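User: I'm new to this structure and would like to learn how to read its sheet. Could you walk me through the strands?

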Amino acid sequence: MTKFNIGDQVKILPEVQTLFVGAEGVIHEVAANDRGISTLDRYVVMFKWGEKQIFYDVQLARIQR
């Protein structure tokens with residue numbers, strides 16, 4: 001089972017080496033690891049400006065509204 005689901009609001013964690021640190025977006029697609037390793041689950045995050053980027057489970061934090 002994946003940590004995040006489509007529609008979840010997430011924030012990119014500061015430990016990630018990317019221009020998207022601190023940006024908030026919505027999970028658009030989920031690709032679970034085929035060996036069941038949850039830390040290797042991939043998530044496509046869509047940002048409010050329409051761009052999509054792929055992140056791993058450990059690079060994201062759920063935003064509680």
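**Reading the sheet**

Analyst: Strand S2 (residues 24-31) pairs with strand S3 (residues 42-47) in the antiparallel sense, over six bridges. Strands here are DSSP runs (E, at least two residues), numbered from the N terminus, and two strands pair if DSSP finds at least two bridges between them. This is a predicted model, in which local features need pLDDT of at least 70, side-chain atom pairs count only at pLDDT 80 or more, and totals for chains, interfaces and linings use all residues. Residues are numbered from 1 along each chain as its sequence is written, and side-chain values use heavy atoms, leaving out hydrogens and water.

User: What stands opposite Val 44 of S3, and which residue is its bridge partner in S4?

Analyst: Strands of a sheet pair through backbone hydrogen bonds, either parallel or antiparallel. Here Glu 29 stands opposite Val 44, and in S4 the bridge partner of Val 44 is Ile 54. S3 and strand S4 (residues 52-56) run antiparallel, joined by five bridges. Their hairpin has four residues between the strands, and Gly 50 in this hairpin takes a positive phi near 95°.

User: What is the order of the strands in the open sheet?

Analyst: The order is S4-S3-S2-S1-S5, five strands with antiparallel pairing. S4 and strand S5 (60-62) are at the edges with a single partner strand each, so one side of each has no neighbour in the sheet. The twist averages 45° from one strand to the next, with axes fitted as lines to C-alpha atoms and angles running from 0 to 180 degrees between N-to-C directions.

User: How many bridges pair S1 with S5?

Analyst: Strand S1 (residues 9-12) and S5 pair over three bridges in the antiparallel sense. Val 10 has Arg 62 as its bridge partner in S5.
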